[in-house]
Amino acid sequence: MVHPVYKTRIETDIKILIFTSDEIEHIKHKGLRGAFRESSLGRLLQSYLPFGWDLGSGEVVDYLGKSSSEIDLLIYNKASIPPILFRESEGCYPVESCFYVFEIKTTSNASQIKETIEKFKNLRQLKRLAPRKTITVYFAYNTDLKEKSEFERYAEYDANFGDDPLIDVLCVIGQGYWYHLKDSHSITWYFFKAQENHFEVGLFLSGIINTINKINSQQPFGYYVIDNVNSSKIIYHRDFLRDFDIPFDKGDMFTNGYREHELGNYSAAINFFLKSIQEQRKLASFLVKLATESFERKNYQAIIEYTSKAIDLYPPLKYNYRLFHRRGIAYFQLDQLNPENSENLVAKSIDDFNFAIKLNPANPELRYCLACSKLRIAGLDRSLLTDALNSLNKAIELNPLYEQALVLRGTTYNMLGQFAEARDTYVKAMGINSANEEILKNLIIQEYNLSLCGEQNTLISHEELGNWMQGNYEDK
């Protein structure tokens, strides 16, 4: 929920920015008009910059003595290498200090886009002492375009827009705001369309402050000013790893897929992704990616639906044991959330773990997971308890230091009434992790069970056992 004071203030500042731009139009000197518009945008940015960040203009330089073209506006960090100023906020700025650089236009046109691309190409050639790159921004108060967007025009002139863009952010008043996110596997361009009261400028401002705050490990600013943080749409996506593109005409369907994914409507999400990514093998790989991300977020239903669909689309995936391992875990975890369907879910988890073991029989974790599933439905069924015990024995044979498997084997022996074997198992577990109080507690319980059965050779004296069972035991 936005705070009305923050949003109203930004809306007012945007009105002033646009009003001032209109007022400046009456000035005859073109260079002065441009300079005044640059300073107007600078005043807007300055009023929201976090502590330690400031605005400037001039040249960006590197330690080898190279310089950029003249920069209209830049945001730099005062705590980094200081600039050399010749007038207030004008001078030479070390590239390591510069976080954002801006090219600001009154009315965008094709030649200005091409000139900006060349200017930022020159900027990217500067050598840095730090790996983080400077974010490049193209801002225009207006555009001469009528039929297509400024981003589409930019994409025509920058051959690397879908790989390593020379312009990272575009904002055109009355058209919208574009930015991209990139990692080692993909690049995604997002778009906020023009808003009421030109609040696309507010979204643009919020994106800048959010990014700076992320670098500073501070809280996002956008929640104070944006009603719907998910109102952006994907207009272009390129997956480097899976070698596919989502072009402009399929961006809406791809966006809808992600929105349904966030809403938990996974079948609907899959249908939109089916319309966006035509090649089944690549779509299957993409769904595996979503399933992996869902596994990290413990989103179990998503794991099941995406993994199942991926295997249907591309059958060779059935030889990937990790898919069955993760789906088995998802079925197992969903059992706790759906007790009325427990037997069916656990049975599916057992099937997946068994299949994964066939693919990778030397993996002890798969044996452990299988034992967990069998114990979930075992009750007092000795055959299932024995099956679980056999799986745990195999897991421990494969990895003798598998602490969790040892603890669960002790529990299984206890359920079978084999207290001596349970005790011996907990002793081995204590040898791996003597600081685990839960193991010590279970060991003492087994000693007590043995004493009740008449066992004389317990590791703990009968007196100590009696005191502990009365709640007075202290670990010395």
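**View 1. The loop around Asn197.** Asn197 sits in the loop between β9 (186-193) and α5 (200-215). Helices (H or I, at least four residues) and strands (E, at least two) are DSSP runs, numbered from the N terminus. The phi of Asn197 is near 60°, a positive value in a residue other than glycine. Most residues other than glycine have a negative phi. Asn197 is partly exposed, with a relative accessible area of 38%. Here buried means under 20% relative accessible area, exposed over 50%, and partly exposed in between (1.4 Å probe, protein chains only).

The model is predicted: local features need pLDDT of at least 70, side-chain atom pairs count only at pLDDT 80 or more, and totals for chains, interfaces and linings use all residues. Residues are numbered from 1 along each chain as its sequence is written, and side-chain values use heavy atoms, with hydrogens and water left out.

**View 2. Confidence along the chain.** pLDDT is the predictor's confidence in each residue, from 0 to 100. Its mean for the protein is 90, and 94% of the residues reach 70 or more. Among the elements, strand β7 (residues 169-172) has the highest mean pLDDT, 98. Helix α17 (residues 462-469) has the lowest, 54. Where pLDDT is low, the predicted coordinates should not be read in detail.

**View 3. The Lys133–Asp168 salt bridge.** Lys133 and Asp168 form a salt bridge, with their closest N and O atoms 2.9 Å apart. Lys133 lies in the loop between α3 (110-124) and β6 (135-143), and Asp168 in the loop between α4 (150-157) and β7, so the pair ties together parts that are 35 residues apart in sequence. A salt bridge is a side-chain nitrogen of Lys or Arg within 4 Å of a carboxyl oxygen of Asp or Glu. Lys133 is partly exposed at 31% relative accessible area. Asp168 is buried at 4%. A search of the whole structure finds 22 salt bridges.

View 4. Arg423 pairs with Asp424 in a salt bridge, the closest N and O atoms being 3.4 Å apart. Arg423 is buried, with a relative accessible area of 12%. Asp424 is partly exposed, at 39%. Elsewhere, salt bridges that share partners join Asp243, Glu279, Arg281 and Lys282 into one network. Within it, the side chains of Glu279 and Lys282 meet at 3.4 Å, N to O. Glu279 counts as partly exposed, at 37% relative accessibility. Lys282 is buried, at 14%.

**View 5. The loop residue Asp243.** Asp243 lies in the loop between β10 and β11. Its phi is near 60°, a positive value in a residue other than glycine. Asp243 is exposed, with a relative accessible area of 52%.

**View 6. Arg238 in strand β10.** Arg238 is found in strand β10 (residues 233-239). Arg238 counts as partly exposed, at 28% relative accessibility. Leaving out residues up to four places away in sequence, Arg238 touches Gly162, Asp163, His185, Ser186, Ile187, Phe244 and Asp245. Contact means heavy atoms within 4.5 Å. Arg238 and Thr136 are 102 residues apart along the chain, and their C-alpha atoms are separated by 20 Å.

View 7. Helix α8 (residues 280-296) has 17 residues. At 1.5 Å a residue the helix should span 24 Å, and its end C-alpha atoms are 24 Å apart, which agrees. The expected span is 1.5 Å times one less than the number of residues. Buried residues of α8 include Leu283, Phe286, Leu287, Val288 and Leu290. The buried residues of α8 pack against β11 (244-246), α6 (251-263), α7 (266-276), α9 (300-313) and α10 (321-337). Just after α8, Lys298 takes a positive phi of about 60°.

View 8. Ile277 is placed in the loop between α7 and α8. Ile277 is buried, with a relative accessible area of 4%. Not counting residues up to four places away in sequence, Ile277 touches Phe244, Ile246, Phe254, Lys282, Leu283 and Phe286. Ile277 and Lys148 are 129 residues apart in sequence and 24 Å apart in space, C-alpha to C-alpha.
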